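Visitor: I have the model open. Walk me through its labels, and give me the cut-off behind each one.

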Amino acid sequence: MTKEVGRTADAGWQVGVSRTLPYPAAAVWEFLTSRAGAEIWLGAVVPGGKGERYETAGGTTGEVRSYRELDRIRLTWRPKDWDHDSTVQVTVSPSGDRTVVRFHQEWLADAEERAAQREHWKGVVDRVADALAAR
């Protein structure tokens, strides 16, 4: 049996996109959790803690599952036209004087949804990098 790229036994279809940015982790975290940064990756203000719910202007809803300052935010993510929840995690990891930012999404419906979300998160990482460079 051939393994399908992006499909796991534990979390179904998933995708991850990362980029190393030339900024300290604290600066990247501060941006991602600011109104301007959260608008780019979440489409809403980042809820402040575990259990808090959110809804974007576009109708995506979810709930924060974990929030670890200067490390990661994990939340459910369900666009208004989806019939299922997925899980999104954004992670900030120091790498010397640079930072690796990762967006990981799991519990996607199928390979097609995975491909669409891969393009979505690649665009998000590009916009985050551009916004940080413009600061």
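Visitor: Which residues in H1 meet which residues in H3?

Guide: On the H1 side, Ala-27, Val-28, Phe-31 and Leu-32 do. They meet Val-128, Ala-131 and Leu-132 in H3. Contact means heavy atoms within 4.5 Å. Helices are DSSP runs of H or I with at least four residues, strands are runs of E with at least two, and numbering starts from the N terminus.

Visitor: What classes of residue make up the contact of H1 with H3?

Guide: Seven nonpolar residues, no polar and no charged ones. The nonpolar class is Ala, Val, Leu, Ile, Met, Phe, Trp, Tyr, Cys and Pro; Asp, Glu, Lys and Arg count as charged; the others, Gly among them, are polar.

Visitor: What kind of model is this, and which cut-offs apply?

Guide: This is a predicted model: local features need pLDDT of at least 70, side-chain atom pairs count only at pLDDT 80 or more, and totals for chains, interfaces and linings use all residues. Residues are numbered from 1 along each chain as its sequence is written, and side-chain values use heavy atoms, with hydrogens and water left out.

Visitor: At what angle do the axes of H1 and H3 cross, and what is that crossing called?

Guide: The axes of H1 (residues 25-32) and H3 (residues 111-133) come within 11 Å and cross at roughly 110°. H1 is therefore roughly perpendicular to H3. That label covers 65 to 115 degrees; under 35 is roughly parallel, over 145 roughly antiparallel, and the rest oblique. Axes are lines fitted to C-alpha atoms, for helices over the stretch in contact, and angles run from 0 to 180 degrees between N-to-C directions.

Visitor: How many bridges join E4 to E5?

Guide: Four bridges join E4 (residues 61-68) to E5 (residues 72-77), and the strands run antiparallel.

Visitor: What lies in the E4-E5 turn?

Guide: E4 and E5 form a hairpin with three residues between them. Leu-70 in that turn has a positive phi of about 60°. The E6-E7 hairpin has two residues between its strands, and Gly-96 there has a positive phi of about 65°.

Visitor: How many bridges join E6 to E7?

Guide: Nine, in an antiparallel run. Val-88 stands opposite Gln-105 in E7. E5 and E6 pair over six bridges, with Trp-77 opposite Ser-86 in E6.

Visitor: What makes E6 mostly covered?

Guide: Eight of its 10 residues are buried. Buried means under 20% relative accessible area, exposed over 50%, and partly exposed in between, with a 1.4 Å probe and protein chains only.

Visitor: Why does Val-125 count as buried?

Guide: Its relative accessibility is 2%, so Val-125 counts as buried. Val-125 is in H3 and touches Val-17, Arg-19 and Phe-103, leaving out residues up to four places away in sequence.

Visitor: Why is Arg-114 called buried?

Guide: Its relative accessible area is 18%, so the label holds.

Visitor: Why does Thr-56 count as buried?

Guide: Thr-56 has 10% relative accessibility, so it counts as buried. Thr-56 sits in the loop between E3 and E4.

Terms used:
Two strands pair if DSSP finds at least two bridges between them.
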